[in-house]
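Work through the exercises below with the sequence and the 3D structure open beside you. Try each task before reading its solution.

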Amino acid sequence: MTGEPDSPGGDREFDFDPAERVQAVPPSGIRRFFEIAEERDDVISLGVGEPDFATPWTARDAAIDSLEQGKTSYTANRGMRELREAIAGYATDRFDLEYDPASEIIVTAGASEAVDLAFRAFVDPGDVVAIAQPSYISYEPGVTFAGGEVLSVPTREADEFRLTVEALEDAGAADAEVLVLCYPNNPTGAIMRKGELEPIAEFAREHDLLVLSDEIYAELTYEGDHTSIATLPGMRERTIVFNGFSKAHAMTGLRLGYALGPADAVAAMNKIHQYTMLSAPTTAQYAALEALESCGDEVRDMVDQYDRRRQFVLSRFREIGMDVFEAKGAFYCFPEVPEGWTGEAFAEELLREQGVAVVPGDVFGTGGERHLRVSYATGLGDLREALARIETFVDECGPDRTR
Ligand code: PMP
């Protein structure tokens, strides 16, 4: 404080001093990329993590109808009963997950809120939270905000970015309290099948870990169906599953997600939610209810289109001569940059020279330093052009122009 007025209102200077756990989170590493992108007007972005499709019409109509009828009040804290029932039915039909709509489901403002609630509800200061990485960028800050300690568990391209017990043991995850999984994975596109999840489940049981399983890309699995770790023996009671409408139903801006878990877990999360959020957006809940009731065909159609794009992008990277493992889920692939480059340098030069925006893999934690996250939630026309530009860039950069 200086004692001098510094604004017309006569406010005194005040030094905002963010809490240590807020200061502990570094600024986002991709800010610089936005600045470079703004310098050009021909940028094709393969950087985004959201569908390019609009929300299916019937869901939009349901939202509009609810507004016309003046349904704009809060709902029950845990979400509208009909929606929780619809979610329970959907989770059973699609993923063999059985949860009681009255006590085992909470509807949240995006899966993001659900994940944050779980960290705040179950992480005590100093608790160790093991995160299989590379993975979605919000987990680490979420753990830090909750006062926990992050333990990175790197996955490897040689294992197709699946988590292994060896990786858990090497990282010391046996001493953790919580394990965070994200399959199908953002950013790698990796999936884990039942047989690969079984040893992870055994490890979690043996070391008494709470498992937080972010399954928001569960519908976007291209070869065979998704398996939830919560369906494996002894796992339901120690797992919280997150899902939502942003990805499969193309509803990112409507902000609607949910968590499924044993009643005690959901009650603890609801204790925070009822004071901090009250209830998830009502209009979005009506859209979501309709999405579950009538948008199965639209979802399947979007999944087919993502799959076509996936195959195109993977085959083009191979033609270009970049190593890329066979991503089988979500809408990302994760190619390795040519020898001598870091992902960050490659992404920056590619953006400057060719106007193609991708995200360097290191943003997603340990294990992605030499990779790029390439999203194919973009039309085939743009994907074709972007891959042609990447080919030109790789041809021009050659072996002597390395970083
Ligand atoms: N989890 C993962 C793995 C994601 O990729 C995203 C969105 N990028 C989210 C959660 C957040 O989803 P929502 O929009 O439902 O908050």
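The exercises that follow concern a predicted model.

**Exercise 1. The annotated region**

Task: State which residues the UniProt domain annotation covers, and describe the chain over them.

Solution. Step 1: the unreviewed UniProt entry carries the annotation "domain: Aminotransferase class I/classII large", and according to that record it covers residues 42-390. Step 2: over residues 42-390 the chain is 41% helix and 14% strand. Step 3: the end C-alpha atoms of this stretch are 14 Å apart.

**Exercise 2. The shell around the ligand**

Task: Find which residues come nearest to the ligand and which helix gives the most to the shell around it.

Solution. Step 1: there are 13 residues around the ligand, and Gly 110, Ala 111, Ser 112, Gly 244 and Ser 246 come nearest. Step 2: sorted by class, the shell has four nonpolar, eight polar and one charged residues. Step 3: helix α5, residues 110-122, gives the most, with three residues.

**Exercise 3. Helix α5**

Task: Check the span of α5 against what its 13 residues should give, then list its buried residues and what covers them.

Solution. Step 1: at 1.5 Å a residue, the 13 residues of α5 should span 18 Å. Step 3: the buried residues of α5 are Gly 110, Ala 111, Glu 113, Ala 114, Val 115, Asp 116, Leu 117, Ala 118 and Phe 119. Step 4: the elements that cover these buried residues include the strands β2, β6, β7 and β8 and the helices α6 and α9.

**Exercise 4. Strand β6**

Task: Describe which way the residues of β6 point and how the strand pairs with β5.

Solution. Step 1: in a regular strand the side chains alternate between the two faces of the sheet. Step 2: in β6, Leu 210, Leu 212 and Asp 214 point one way, and Val 211 and Ser 213 point the other way. Step 3: five of the five residues of β6 are buried. Step 4: β5 (residues 178-182) pairs with β6 in the parallel sense over five bridges. Val 178 stands opposite Leu 210.

**Exercise 5. A sheet of three strands**

Task: Give the order of the strands β9, β11 and β12 in their sheet, and explain which sides lack a neighbour.

Solution. Step 1: the sheet is open, its order is β9-β12-β11, and the pairing is antiparallel. Step 2: β9 (332-333) and β11 (359-360) stand at the edges with a single partner strand each, so one side of each has no neighbour in the sheet. Step 3: two bridges join β9 to β12 (residues 372-375). Tyr 332 stands opposite Ser 375, and Cys 333 has Val 374 as its bridge partner. Step 4: β11 and β12 also pair over two bridges, and Val 359 has Arg 373 as its bridge partner. Step 5: both faces of β12 are covered, with Leu 372 and Val 374 buried on one side and Arg 373 and Ser 375 buried on the other.

**Exercise 6. Gly 261**

Task: Is Gly 261 buried or exposed, and which residues does it touch?

Solution. Step 1: Gly 261 lies in the loop between β8 and α9. Step 2: a residue is buried if 20 or more other C-beta atoms lie within 10 Å of its own. Step 3: Gly 261 has 28 C-beta neighbours inside 10 Å, so Gly 261 counts as buried. Step 4: not counting residues up to four places away in sequence, Gly 261 touches Glu 104, Thr 239, Ile 240, Val 241 and Val 266. Step 5: Gly 261 and Phe 242 are 19 residues apart in sequence, and their C-alpha atoms are 9.0 Å apart in space.

Conventions. Residues are numbered from 1 along each chain as its sequence is written. This is a predicted model: local features need pLDDT of at least 70, side-chain atom pairs count only at pLDDT 80 or more; totals for chains, interfaces and linings use all residues. A residue is near a molecule or strand if its C-beta atom, placed from the backbone, lies within 6 Å of it. Helices (H or I, at least four residues) and strands (E, at least two) are DSSP runs, numbered from the N terminus. Ala, Val, Leu, Ile, Met, Phe, Trp, Tyr, Cys and Pro count as nonpolar, Asp, Glu, Lys and Arg as charged, and the others, Gly among them, as polar. UniProt positions are given in the numbering used here, feature names are shortened, and annotations may be inferred rather than shown by experiment. The expected span of a helix is 1.5 Å times one less than its number of residues. A residue is buried if 20 or more other C-beta atoms lie within 10 Å of its own, exposed if 12 or fewer, and partly exposed in between; C-beta atoms are placed from the backbone. Two residues are in contact if their C-beta atoms, placed from the backbone, lie within 7 Å. Two strands pair if DSSP finds at least two bridges between them.
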